[in-house]
Amino acid sequence: MDTSWWPAVLAAVAVAVVVLLPRRGTAVAAAPPPHGLGPPPRVRPGELWCLADGRTCLVLAVRAHRERVRVAWITGKYDDRRAGVIPLPPGVVAAHGRGAFLEADRPEEVSLWEFRTLLGTLDPVWWDEAKGLGGGAR
């Protein structure tokens, strides 16, 4: 059996290992942190967000020192018995052109870590109507 080609194969494998392995002291790109780790999302008053539980909200105020955010919930159902529900124009939240309603009478505080997807920013005209709700924008 002719084994004269083995040194050439071993040399090629050695070169490939040296080239492909990271060198000591060189930066290797780190994988993104697992879900829930890393810095919290940057949330600003007037933005529309989807939370971890699937609910949609409008950011009213951010209290960064406590990692709490004051929000008003957005719903697709209108309840005419509640005076604090503000109808939003179609397409503000859903791209399908459906109307949405801002539940201005029940603002709540949620953890900054609950925010998942930025949906957009509320139109300035609508933001002027809503920004004083639940403690105002800070």
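Predicted model: local features only at pLDDT ≥ 70, side-chain atom pairs only at ≥ 80, totals over all residues.
Trainee: How many bridges join strand 1 to strand 6?

Mentor: Five bridges join strand 1 to strand 6, and the two run antiparallel. In general, strands of a sheet pair through backbone hydrogen bonds, either parallel or antiparallel. Here, two strands count as paired if DSSP finds at least two bridges between them. Residues are numbered from 1 along each chain as its sequence is written, and side-chain values use heavy atoms, with hydrogens and water left out.

Trainee: What is the order of the strands in the sheet?

Mentor: The order is 4-5-3-2-1-6, in an open sheet of six strands with antiparallel pairing. Strand 4 (85-88) and strand 6 are the edge strands, and each pairs on one side only. From one strand to the next, the twist averages 40°; axes are lines fitted to C-alpha atoms, for helices over the stretch in contact, and angles run from 0 to 180 degrees between N-to-C directions. Strands (E, at least two residues) and helices (H or I, at least four) are DSSP runs, numbered from the N terminus.

Trainee: How many aromatic pairs does a search of the whole structure find?

Mentor: The search finds one aromatic pair. Trp 49 and Phe 115 form it, edge-to-face, at 5.6 Å centre to centre and 90° between the planes. Trp 49 is in strand 1 (residues 47-51) and Phe 115 in strand 6 (residues 115-121), so the pair links distant parts of the chain, 66 residues apart. A pair of aromatic rings is described by the distance of the centres and the angle of the planes. The cut-offs: rings of Phe, Tyr and Trp (its six-membered ring) pair if their centres lie within 6.5 Å; planes under 30 degrees apart are stacked, over 60 edge-to-face, the rest tilted.

Trainee: Are Trp 49 and Phe 115 buried or exposed?

Mentor: Both are buried. Buried means under 20% relative accessible area, exposed over 50%, partly exposed in between (1.4 Å probe, protein chains only).

Trainee: Which residue lies over the face of Trp 73?

Mentor: Arg 55 does, at 3.8 Å from the ring centre. The test asks for NZ of Lys or CZ of Arg within 6 Å of the ring centre and within 35 degrees of the ring normal.

Trainee: Which residues does Glu 103 touch?

Mentor: A contact means heavy atoms within 4.5 Å. Leaving out residues up to four places away in sequence, Glu 103 touches Ala 72, Trp 73, Thr 75, Arg 82 and Gly 84. Glu 103 lies in strand 5 (residues 100-111). With a relative accessible area of 15%, Glu 103 is buried.

Trainee: Where is Val 92?

Mentor: Val 92 is in the loop between strand 4 and strand 5. At 24% relative accessible area, Val 92 is partly exposed. Val 92 touches Leu 48 and Leu 122, not counting residues up to four places away in sequence.
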